[in-house]
Amino acid sequence: MPLSDEQKQILKTTSPIFKENGKEITSIIYKHMFAAHPELLNIFNRTNQKNGTQPFALANTVYLAIENIDHLDTLLPQILLIAHKHRASTVQPEHYPIVGKYLIIAIDEFLGGMGDPSILSAWSAAYNIIASIFINIEKKMYSELGDKTEQGFIPFSIIKKETIAIGPTVSFTLERRDGGKIHDYHAGQYITLRIKKDGLYHIRHYSLIEPFDGKTYSIAVKQEKDHEPKGIVSTELIEKYKEGDLVTLSLPAGTYALIKDAKHHLFIAGGIGISVFSAMILELHKQGKSDITTLIHCVPTEEQAAFTDEMRIVLPKKQYHLLLQGKRLLQETIAKTIMAKTQVYLCGSPTFMNKVEEYLAQCGHPPSQIHIEAFQPSLSLLKDVVKNQSCTKTL
């Protein structure tokens, strides 16, 4: 049902509460929801729960959706990005009413357990509208995969495991084990691996590092030894899985892609962010477009840089910049390589990407030509939408 004028006014009045306190409210959602439905832990990345990025991402999504409830079509790119991750994680229609229930419980609890029924009713109605959009989009995504055997997690064998940089960073080549077909994908997409540890399933999205070959999927995994909390799936894969072992994964997903007919592609990667760009750069090479492709890869040492051999083969020397020094060199390299029609692709830590965006802004580069891929769940969603709307860009 559409929202009444009274409900819209309530949402307009109360949405600032969610903007200022969204992470706290969504943390309450997850606390109560997982206590009542522990089975849902199997479809959430628990590392992102521990470090707070998942509650923050949900808070951003809810706030933006409420703020744009009359024109949700403007958020379609963000909705599709999230819907792809939902499909990859096997989120189902029956999960949405559960989240909606605990959203209302969390808002009520945050308001001291004395939430005005009209406020709770308005938020519930708005959530149901948002949920129905995701459900319909994700149903179509599932149906495009084929029958039920293609819609969940599928067994694959590790046929090759190789350390490709210190850290370590390890590549895995995966072959379908049940005889089913290898689904096509475009460069920039990811697969989602699921492993079992301590009686629970854990999932993680990994970018595909090579163009589609019709036979296998390949990913690169970095073990973050010096970061807490450590990635559960990445650590397990590197330390305990070997060639011949079985993993399960869901089929390729994701909206990140090359911009067609671009005059110049500039990839700026921080550390393992190169794994997102590897397949994209190799795909451009296959298309004979290496001459309009430039890569800037920032790492502490050359030994920590993955894919150096491949990049040196496919890119002209002057268009492959492996930067081992500080911020000034990065800023200078961006200034030297950027052109008016350059499409910029950016991936790395949030701190790294924020700094690069700052440098690009100093160059006067338009936000509409900057394409960000974040390993963490939609951290820059709010910032990107506000930024793009301020530039009168239609999403």
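Let's start inside helix α7 (residues 232-240): its buried residues are Val233, Ser234, Thr235, Glu236, Leu237 and Ile238. Those buried residues pack against a whole set of strands, namely β1, β2 (169-176), β3 (190-197), β4 (200-207), β5 (216-222) and β6 (246-253). Keep in mind that this is a predicted model. Here is the rest of the picture, from the overall build down to single residues.

**Overall build**
- The protein has twelve helices and eleven strands. Its radius of gyration is 22 Å, close to the 21 Å that the globule rule gives for 395 residues, so the protein is as compact as a globular protein of that length.
- If you want a box for the C-alpha atoms, roughly 65 × 50 × 40 Å along the principal axes will do.
- Take the contacts with a separation of 6 or more: 75% of them come from residues 24 or more positions apart.

**Domains**
- The chain splits into three domains: domain 1 covers 5-144, domain 2 covers 154-253 and domain 3 covers 264-380.
- Going by C-alpha atoms, the centres of domain 1 and domain 2 sit 29 Å apart.

**Surface, burial and charge**
- Of the 395 residues, 54% are buried.

**Glycine 146, between α6 and β1**
- Glycine 146 is in the loop that runs from α6 (117-145) to β1 (154-165).
- Its relative accessibility is 34%, so glycine 146 falls in the partly exposed class, which spans the range between 20% and 50%.
- Pair glycine 146 with glycine 326 and you get 180 residues along the chain and 49 Å between C-alpha atoms.

- Proline 168 belongs to the loop between β1 and β2.
- Aspartate 198 has a positive phi, near 55°, despite being a residue other than glycine. You'll find aspartate 198 in the loop between β3 and β4.
- With 70% relative accessibility, aspartate 198 is exposed, because the exposed class takes in anything over 50%.
- Aspartate 261 is not a glycine either, yet its phi is positive at about 65°. Its spot is the loop between β6 and β7 (264-270).
- Aspartate 261 comes in at 69% relative accessibility, so it counts as exposed too.

**Threonine 308, in α9**
- Threonine 308 is part of helix α9 (residues 308-314).
- At 12% relative accessibility, threonine 308 is buried, since that class means under 20%.
- Setting aside neighbours within four places in sequence, threonine 308 makes contact with Tyr320 and Leu322.
- From threonine 308 to glycine 244 there are 64 residues in sequence and 27 Å in space, C-alpha to C-alpha.

Definitions and conventions
Residues numbered from 1 in each chain as written. Predicted model: local features only at pLDDT ≥ 70, side-chain atom pairs only at ≥ 80, totals over all residues. Heavy atoms only, no water. Helix = DSSP H or I, 4+ residues; strand = E, 2+ residues; numbered from the N terminus. Rg over C-alpha atoms; globule rule 2.2 N^0.38 Å. Buried < 20%, exposed > 50% of the residue type's maximum accessible area, 1.4 Å probe, protein only. Contact = heavy atoms within 4.5 Å. Domains from an automatic or database assignment.
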